[in-house]
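Open the model in your viewer and keep the selection tool to hand. Each stop below names what to select and then says what is there.

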Amino acid sequence: MTAVGTGRARPRDLGVQVAENVLFAVGLPVLAVGLWAVWSTRSTNRFLVGPRTLLDAFRQTWIGPAFADDVLPSVYRLLIGLFTSILLGVAAGVVIGRFRPLREILEPLLEFFRAIPPPVLIPVAMLLLGITDTMKVVVIVSGAIWPILLNTIEGVRATDSVMLETAYSFRISRWDRLWRLILPAASPRIMTGVRQALSVALILMVISEMFASSAGLGYRIAYFQRNYLIAEMWSGILLLGLIGVVLAVVFGVVERRVLRWYHGMKEVTRA
Amino acid sequence: MRKILLGAAGLLGFLVVWQLIPTLGLVDPHYLPYATDVFGRLAEEVRDLAFWRRVRLTMTSWAIGLTVATLAAVALGTVIGMVPFLRRATHTTVEFLRPVPSVALIPLAVLMFGLQMRAALVIIVYAAFWQVFVQVIYGVADVDTVARDTARSFGLTRAERLRYLVLPTALPYLMTGLRLGAAVALILAVTAEMVIGNPGLGRMIELSRSAGDAVGLYGLVVVTGMLGLLVNVVFRFVERRSLAWHQSVLADEATR
Amino acid sequence: MPDGRPLLRVEHLRKVYASGRGEVEAIGDISFTMDPGELLCVVGPSGCGKTTLLKCLAGLLRPTSGLVEMEGSPVTGPSPAMAVVFQEYGRSLYPWLTVRGNVELPLRHKKLSRAERGRLVDDALDAVGLLQSARSHPWQLSGGMQQRVAIARAVAYQPDVLIMDEPFAAVDAQTRADLEDLVRELHLTRGISTVFVTHDIDESVYLGQRVLVLSNSPTRVQEDLAIDLPPERDQLTTRALPRFTELRTRVYEQIQRAKRGPVPSSVDARPVRPGPQARDRTDGH
């Protein structure tokens, strides 16, 4: 009955529905910001600022030269690090996943590397590479690659045996087998790995700049804090949050595209 | 057996390569010390009480942070997951707050709590909370609709439904969240010590670096890796146990 | 029989798996030949190594000893002259490709022009009646339709022999009848030589020109039976023929005898079962 109802929804019902959705989406955030604004006019806590002050600080701090000097290089390093991790992680993962002896030799080693909290690699990278841009990218890669690599190995290893036999029996070429069987079959796991890598990479971008930098987002925020520039510090936290959200949204879009078949299939089998 | 042997061979091979790189002069031993030196130092460290005190400090903030995060996530997640209205109303807020990198809060935590464990706990709790919370929401939402209707038609009270229906369904999800949360909490416990400077393994890493003590630094990296491995192994075991139970129940249902 | 030479020749085929608990003999000793254009059904009790036999024919498994010969040359690996339709359609079609993509995939390495390839795909999809579903994904189709896609993929590959491994074991009875008629029709109109493996006695008699009954461990050819039913068959009248009943009774008796196993000494060091033969049966769920 509900199916018929939504199928024949009249324009007015549709309008109501859209309004309801919007209300649900922005209701709580608007409410929260409102309460925050009211509360900030009365509060005497000097470490918390009101939304208006925060917005002003945001505009003054980040819109202008700071964007090119601090934000863009950080984001650039983040993206380079992420893409390198994906490329290396998937490539190595396919090789290790397809080749059983190699997998068995490397498994404990990889488990160990994955278990190292990635930020402790920052001092090591500083020692080996000095305080450079390369070092920051290397740090991001050395932390973000593990979830991608291990998930790819797992995904490749679990390629369905009948699907593989089909490929062999039809003499599908190595190239097609890689691009049309192994990688698509592993893609749900690969995307899981990339999602985990995303947050690790962001953490490492910030920490590596807090540690060893004289520019960049992480450095700026730490600088504001040390000099008690509270509103500016908050604006930096907000900006980092925004970058995280944008990254998550972009990833969500890509994931839905890449894994459309997977989600579709899951829906069918659940029904 | 073959697997264990090959894995051991892999570890051994790695150590040999590590030892060879400074020996052959590919990298200056000041930057990459000999593996033998690093493990020699570690052997000394484990006889030192100060080392174990640092381990205890790090693991204490890890445990407190994880516990607080889990309790908060289970309470909030169950309530929000069970009430569709709340689920819809909080969706955007959750999706916005979740990707905020917890380390962005470090300056704020330092301002509010100073260079202490409490500042570190803010970061740990924030990061671990989302891992558990999201899984609890999934788990609670996964309750079979037929089972839910059945429970309702038999007049089970809310508390009974929670006890006999929601909890068993959500448990494996909670365990997955716990495993992810435990790993993240350890990362941030060490990170906070490095950046904030509250005592523990992380601070020792930072001190070794600034003192130019490469041997000590690499040793501590190995130690944190071992801790991470331990946490992973323990929580994966717990997760597998709860999952095995869950799947056997599912399999029974499938065969009717 | 153009030159009287067999298309497929199997001689003293034997396959032994090494398992954790000793060796498991999946196939004892099988010999038979098949002529071009023939539709040959292989039937046997479950767990008698039918799937193993088929994998040896298709070059997916290397026999322990014996010979599989295709048009006079030994089969050592998957051959372009053979196409396989697996029982598990859900696992042999790739869910990330469309129906068309699935049918086209094996043709990509054949040296064909784009247009030629497109024509082959259209033709095959048309033959199984799925031209209008070409852009769907396999998981959007019913089980029977998915198996049609797998058949279309095999047909488009233009093999000399089509090898089908219990292809209809997992679909409902009505769909199964339709698919059986599809196989008959493809065989009649296109003259594709087909080896059809099944555990269903009625199906083997209805489809085949010849039925090969396999015995249980050690697997041998129990009986090689010619099916002298008219080539034009349909589900109602053919199955009602007295001759049909006679033939199916004959096959049934042979299978019962095969199940009991041959009397001679074959109680050697063979474990009870949990080897690959057992897997034959569990694969399909």
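Begin with two helices from two chains: α6(A) and α9(B) are roughly parallel to each other, because an angle under 35 degrees counts as such. This is a predicted model. The angle here is about 10°, and the axes lie 10 Å apart. For α9 of chain B, select residues 201–210. Now show the side chains. From α6(A) come A:Pro123, A:Met126 and A:Leu127, and they meet B:Ile205, B:Glu206 and B:Arg209 of α9(B). Sorted by class, this contact holds four nonpolar residues, no polar ones and two charged ones.

**Helix α6 of chain A**

Stay on α6(A) and select residues 121–129. How many of the nine residues are buried? Seven are, so the helix is largely enclosed by the rest of the structure. The buried residues are A:Leu121, A:Ile122, A:Pro123, A:Val124, A:Ala125, A:Met126 and A:Leu127. Step past the end of the helix to A:Gly130, which follows α6(A) and has a positive phi, near 75°.

**Inside chain A**

Next, select α3 of chain A, residues 51–62, together with α11(A). Their axes come within 8 Å and cross at roughly 80°. That makes α3(A) roughly perpendicular to α11(A). On the α3(A) side, show A:Thr53, A:Leu54, A:Ala57, A:Phe58, A:Thr61 and A:Trp62. They meet A:Ala231, A:Glu232, A:Trp234, A:Ser235, A:Leu238 and A:Leu239 in α11(A). This contact counts eight nonpolar, three polar and one charged residues.

Now go to α4 of chain A, residues 65–98, and centre on A:Gly81. Is A:Gly81 buried or exposed? It has 27 C-beta neighbours inside 10 Å, so A:Gly81 counts as buried. Set aside the neighbours within four places in sequence, and A:Gly81 is in contact with A:Val137, A:Ile140, A:Val141, A:Ala144 and A:Ala201. Then draw a distance from A:Gly81 to A:Phe99. These two are 18 residues apart along the chain, and their C-alpha atoms are separated by 27 Å.

**The sheet of chain C**

Move to chain C. Four strands form an open sheet there, in the order β2-β1-β4-β5, with antiparallel pairing. Which strands are the edge strands? They are β2 (22–34) and β5 (73–74), each pairing on one side only. Now select α1 of chain C, residues 50–57, which packs on the sheet. It touches β1, β2 and β4 (65–70) of chain C. The direction of α1 makes about 60° with that of β2(C).

Zoom in on β1 of chain C, residues 8–19, which pairs with β2(C) over nine antiparallel bridges. A hairpin joins β1(C) to β2(C) through two residues. Check two positions across this pair. C:Ala18 stands opposite C:Glu23, and C:Val16 stands opposite C:Glu25.

Finish with β1(C) and β4(C), an antiparallel pair with five bridges. Select C:Arg9 and look across to β4(C): its bridge partner is C:Glu69.

How values were computed
Residues are numbered from 1 along each chain as its sequence is written. Chains are lettered from A and ligands numbered from 1 in the order in which they are written. This is a predicted model: local features need pLDDT of at least 70, side-chain atom pairs count only at pLDDT 80 or more; totals for chains, interfaces and linings use all residues. A residue is buried if 20 or more other C-beta atoms lie within 10 Å of its own, exposed if 12 or fewer, and partly exposed in between; C-beta atoms are placed from the backbone. Two strands pair if DSSP finds at least two bridges between them. Two residues are in contact if their C-beta atoms, placed from the backbone, lie within 7 Å. Axes are lines fitted to C-alpha atoms, for helices over the stretch in contact, and angles run from 0 to 180 degrees between N-to-C directions. Angles under 35 degrees count as roughly parallel, over 145 as roughly antiparallel, 65 to 115 as roughly perpendicular and the rest as oblique. Ala, Val, Leu, Ile, Met, Phe, Trp, Tyr, Cys and Pro count as nonpolar, Asp, Glu, Lys and Arg as charged, and the others, Gly among them, as polar.
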